[in-house]
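This report looks at one chain step by step, from its overall make-up to single residues. Please keep the sequence and the 3D view open while reading.

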Amino acid sequence: IATLFVVDFMIITFFTILFTFINSNKKKGIIKKSIVIILLFLFTQLFWILPFIHYTKNVSGDIINSQINRSITSGVIDLEARDQDALNSAKLFTRTIIEKEGEEYVFPRADEYAKYDFFNIVGLIPVFFSIILLIFGIIKKRKLHIILPLLTFIIWFIIKNVNPPLGILYTWAQEYIPLFKQVFRWASSKTGNVYLLLLSISAPIGFIYIIDFLSSFLNKT
């Protein structure tokens with residue numbers, strides 16, 4: 001799926017630079033090494049990227065303006081706007097979870113996850129620790145621990161669609177950036193896994209910060 005590749009490529013690029021920075025002893029060679037890795041990755045994908053560029057250049061306008069694409073796009077955007085409020089997006093209660101196979105939800109306990117306050121609290125625990133990571137990252141001036149939760153926030157902002165807060169920015173991007181509207185018409189399907197990945201990294205680090213902070217009182221430091 002070409003639009004999904006756009007999202008994946010941005011994430012792969014970020015983590016390539018990130019891990020090159022972490023594992024490189026010579027900081028001056030980070031950019032050069034990152035570029036080599038990214039170009040190598042792109043080179044292995046040329047078998048479909050080049051035909052896709054040719055295809056996009058010649059017929060993508062017809063597809064975007066086609067009746068079926070316009071109807072599907074507007075329908076998906078409307079459903080995303082209805083379902084993905086700030087809270088649902090934060091706890092990753094997305095359309096992917098509430099889809100059905102026959103009479104059953106893909107996620108069997110979807111109704112309970114939506115209904116009970118207990119699951120709202122549990123679902124937001126990783127978000128809480130990610131915010132803690134941002135706070136400690138700022139206090140300790142650790143760039144990596146600032147970047148990770150900020151990226152998580154950006155992905156959450158995309159998932160929540162046109163809903164508050166600052167939903168007007170999402171609406172503006174849809175109106176004036178055609179690629180944005182095309183790639184993120186079903187935002188949760190494109191970025192849900194990225195959001196989960198970033199939470200899985202940032203929340204445990206935030207949890208470690210909290211444990212370390214509380215243990216300092218026991219050690220009287």
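## How helices are compared

An axis, as used here, is a line fitted to C-alpha atoms, for helices over the stretch in contact, and angles between axes run from 0 to 180 degrees between N-to-C directions. Two packed helices are described by the angle between their axes and the distance between the axes. The structure discussed below is a predicted model.

## The chain as a whole

The secondary structure of the chain consists of 12 helices and 2 strands, and the elements follow one another from the N terminus as α-α-α-α-α-α-β-β-α-α-α-α-α-α. The chain has 221 residues, of which 35% count as buried. Its accessible surface is about 14,500 Å², and 70% of that area belongs to carbon and sulfur atoms.

Among the contacts in the chain with a separation of 6 or more, 62% are made by residues 24 or more positions apart.

## Two helices that pack on α12

Helix α8 and helix α12 have axes that come within 7 Å of each other and cross at roughly 65°, and the crossing is left-handed. On the α8 side the residues that meet α12 include Pro126, Phe129, Leu133 and Phe136, while on the α12 side the partners include Leu199, Gly206, Tyr209 and Phe213.

Helix α9 also packs with α12, which covers residues 187-218, and here the angle is about 150° and the axes lie 9 Å apart. The crossing of α9 and α12 is left-handed as well. Residues of α9 such as His145, Leu148, Ile155 and Trp156 meet a set of α12 residues that includes Ala187, Gly192, Tyr195 and Tyr209.

## Aromatic rings

How many aromatic pairs does a search of the whole structure find? The search finds 7. In one of them, the ring centres of phenylalanine 118 and phenylalanine 119 are 5.4 Å apart and the planes stand at 75°, so the pair is edge-to-face, because planes over 60 degrees apart are counted in that way. Phenylalanine 118 is exposed, with a relative accessible area of 57%, whereas phenylalanine 119 is partly exposed, with 21%.

Phenylalanine 153 and tryptophan 156 have ring centres 5.3 Å apart and planes at 40°, so this pair is tilted. The two residues are 3 residues apart in helix α9, which spans residues 143-159, and are therefore separated by about one helical turn. Phenylalanine 153 is partly exposed, with a relative accessible area of 46%, but tryptophan 156 is buried, with 12%. Lysine 160 lies over the face of tryptophan 156, at 5.8 Å from the ring centre. Elsewhere, Phe136, Tyr209, Phe213 and Phe217 form one aromatic cluster.

## Two details of the backbone

Most residues other than glycine have a negative phi, and most peptide bonds are trans. Lysine 141, however, has a phi near 55°, which is a positive value in a residue other than glycine. This lysine 141 is found in the loop between α8, residues 117-140, and α9, and it counts as exposed, at 74% relative accessibility.

The second detail is the peptide bond from proline 164 to proline 165, which is cis, with omega near 0°. Proline 165 has its place in the loop between α9 and α10, the latter covering residues 167-176.

Technical notes:
Residues are numbered from 1 along each chain as its sequence is written. This is a predicted model: local features need pLDDT of at least 70, side-chain atom pairs count only at pLDDT 80 or more; totals for chains, interfaces and linings use all residues. Side-chain values use heavy atoms; hydrogens and water are left out. Rings of Phe, Tyr and Trp (its six-membered ring) pair if their centres lie within 6.5 Å; planes under 30 degrees apart count as stacked, over 60 as edge-to-face and the rest as tilted. Buried means under 20% relative accessible area, exposed over 50%, partly exposed in between (1.4 Å probe, protein chains only). Helices (H or I, at least four residues) and strands (E, at least two) are DSSP runs, numbered from the N terminus. A charge sits over a ring if NZ of Lys or CZ of Arg is within 6 Å of the ring centre and within 35 degrees of the ring normal. Contact means heavy atoms within 4.5 Å. Accessible areas come from the Shrake-Rupley method with a 1.4 Å probe; for residues, only the protein chains shown count as cover. A crossing is left-handed if the near helix is turned anticlockwise from the far one by less than a right angle, and right-handed if clockwise.
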